[in-house]
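Hi,

Here is the structure I promised to pass on. Have a look at it first, and then read my notes below.

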Amino acid sequence: MQTVVIIIHLMIVAVMIGAVLLQKSEGGGLGMGGGAGFMSSRGTANLLSRTTAILAAGFFLTSLFLSWYAGYDRKPSSIIGTGAPAQTQPVGGTPITAPTSGGVLDSLKKADEQQGQPAPSGPQAPRSQ
């Protein structure tokens, strides 16, 4: 259903662009306003204005529908009252605890020290296997 509405939406956009480009420029925008052509009568201006208004309303409605449909199955989530997350154990077997002081880097350094691996002294090149 979403695909059908998107296709209708794109068709409305294409026709609306064409209708806007066919309208006569009354303000002389870009210096290309006047002149007599096949679209110079007053009745055509009314038809194009009404067509543009109807297409704009269709564009607005399909945009609202697509926005509503995209969020239809979304469930609200709350960060308040969710409780503490479950502690998972890494591959090494020792759980990583939340840091009491410092930041993430300090907790990672402590986790490396607990696993018995020395911290690298500087940048190292990757090793091939």
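How far apart do the end C-alpha atoms of residues 6–22 lie, and is the span helix or strand? The distance is 24 Å, and the span is 100% helix and 0% strand. Residues 47–70 are also 100% helix and 0% strand, with 34 Å between the end C-alpha atoms. UniProt, in an unreviewed entry, lists both stretches under "transmembrane region"; its positions follow the numbering used here, feature names are shortened, and annotations may be inferred rather than shown by experiment.

Before you go on: this is a predicted model, where local features need pLDDT of at least 70, side-chain atom pairs count only at pLDDT 80 or more, and totals for chains, interfaces and linings use all residues. Residues are numbered from 1 along each chain as its sequence is written, and side-chain values use heavy atoms, leaving out hydrogens and water.

Now the rings. Searching the whole structure turns up four aromatic pairs (rings of Phe, Tyr and Trp, its six-membered ring, with centres within 6.5 Å; planes under 30 degrees apart are stacked, over 60 edge-to-face, the rest tilted). One of them joins Phe65 and Trp68: it is tilted, 5.8 Å centre to centre with 45° between the planes. Those two residues are about one helical turn apart because they sit three residues apart in helix α2 (residues 42–70); helices are DSSP runs of H or I, at least four residues, numbered from the N terminus.

Trp68 also pairs with Tyr72, again tilted, at 5.2 Å and 55°. Phe65, Trp68, Tyr69 and Tyr72 make up one aromatic cluster.

Cheers
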